[in-house]
Amino acid sequence: MGFSAHQMVELNQELIDFLEKKEFFELKLKTDKQVNDLLYYTQQKLAELWKSRPIWSLPDGLSSIPSKISRGNNHSGYPFQVFDFPSSFSQTDIFTFRVIVWYGQHFSCNLIASGIFLRYVEDRLPALANKNTRLLLDDNPWSNSLLETHNLLIDKESITQATTFIKKNQSIRLFRLFSMNQINSIHRLTLECFNDWFSADLA
């Protein structure tokens with residue numbers, strides 16, 4: 001088995017100083033733990049809200065079991081934590097309410113859908129008009145890097161454009177974007193978003 005060739009590199013003093021600072025790594029661990037706790041609490045409150053009403057405007061077959069909080073250190077160069085709940089995943093058909101905290105950037109509430117669930121989103125658009133909801137205008141719904149620049153605000157005037165985009169794509173993403181200075185309100189903002197998007201009163 002061969003090895004790829006690598007060039008000799010030397011770290012500059014700035015990087016060496018960074019590696020020597022325990023405080024940064026201790027702060028990262030503390031931040032990870034507290035964000036994780038925030039997301040588990042948010043998911044718990046979301047499950048309670050879902051169970052509190054007999055009827056929601058949600059597709060059948062979604063998992064009612066809260067998911068594990070996933071985390072990583074390199075989503076386009078930055079750490080992240082995320083959960084999908086409620087959700088349904090198959091090879092061709094996806095429906096997930098996804099909450100993402102993307103360090104150094106923002107956090108967001110999202111509806112990612114593909115396959116049979118695209119019609120649900122299309123039919124739901126009039127109820128989402130003027131609900132501070134945006135459609136990602138990109139063919140990769142899993143990317144976060146274009147949320148701020150490639151999007152369409154859903155209102156009565158843009159429903160036709162949004163519908164056309166959904167019909168032309170195999171998967172789509174609706175979202176609400178929040179700044180990190182709102183992170184301590186993530187549970188409230190998430191529940192408000194879920195209620196605005198899926199309340200049966202809007203059907």
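## Cysteines

A disulfide is a pair of cysteine sulfur atoms within 2.5 Å. A search of the whole structure, which is a predicted model, finds zero of them. C109 is in no disulfide; its nearest cysteine sulfur belongs to C193, 4.5 Å away. Seen from C193, the closest cysteine sulfur is that of C109, and 4.5 Å is too far for a bond.

Are C109 and C193 buried or exposed? Buried means under 20% relative accessible area, exposed means over 50%, and partly exposed is in between (1.4 Å probe, protein chains only). C109 counts as buried because its relative accessibility is 0%. C193 also has 0% relative accessibility, so C193 counts as buried.

## Basis of the values

In this predicted model, local features need pLDDT of at least 70 and side-chain atom pairs count only at pLDDT 80 or more, while totals for chains, interfaces and linings use all residues. Residues are numbered from 1 along each chain as its sequence is written, and side-chain values use heavy atoms, with hydrogens and water left out.

## Overall layout

The protein has five helices and seven strands. Helices (H or I, at least four residues) and strands (E, at least two) are DSSP runs, numbered from the N terminus. Along the sequence the pattern reads α-α-β-β-β-β-α-β-β-α-β-α. The C-alpha trace spans about 60 × 35 × 35 Å along its principal axes.

Of the 203 residues, 44% count as buried. Contact means heavy atoms within 4.5 Å. Among contacts with a separation of 6 or more, 64% come from residues 24 or more positions apart.

## Nonpolar core

A nonpolar core is a set of buried Ala, Val, Leu, Ile, Met, Phe, Trp, Tyr and Cys residues joined through side-chain atoms within 4.5 Å. The largest one has 45 residues. Which residues have the most contacts inside it? They are F97, I172, F194 and F198.

F97 reaches several parts of the chain. Leaving aside neighbours within four places in sequence, F97 is in contact with residues including L46, F83, C109, C193, F194 and F198. F85 and P86 are also among the contacts of F97. The peptide bond from F85 to P86 is cis, with omega near -10°. P86 lies in strand β2.

## Helix α3

Helix α3 (residues 118-128) is mostly covered, with eight of its 11 residues buried. These are L118, Y120, V121, E122, R124, L125, A127 and L128. What do they pack against? Their partners are β3 (94-102), β4 (106-114), α4 (159-168), β7 (171-178) and α5 (186-198).

L118 is found in this helix. L118 counts as buried because its relative accessible area is 11%. L118 and N169 are 51 residues apart in sequence, yet 9.1 Å apart in space, C-alpha to C-alpha. Leaving aside neighbours within four places in sequence, L118 is in contact with A113, I166, N169, Q170, S171 and I172.

## Positive phi residues

Most residues other than glycine have a negative phi, and most peptide bonds are trans. N130 follows α3 and has a positive phi, near 60°. N130 sits in the loop between α3 and β5 (134-136). N130 is exposed, with a relative accessible area of 54%.

S76 is not a glycine either, but has a positive phi of about 55°. S76 is in the loop between β1 and β2. Its relative accessible area is 49%, so S76 is partly exposed.

## Largest pocket

On a 1 Å grid over the protein atoms alone, a cavity is a set of points where a 1.4 Å probe fits but cannot get out; a pocket is an open set with protein on both sides within 12 Å along at least five of seven lines, and lining residues have an atom within 4 Å of a point. The largest pocket has a volume of about 170 Å³, a volume being the space filled by probe spheres set on the points, which are joined across faces, edges and corners.

Of its 13 lining residues, the closest to the centre are S70, F80, V82, D84 and R98. β1 (70-75), β2 and β3 each give two or more residues to the lining. β2 gives the most, with four.
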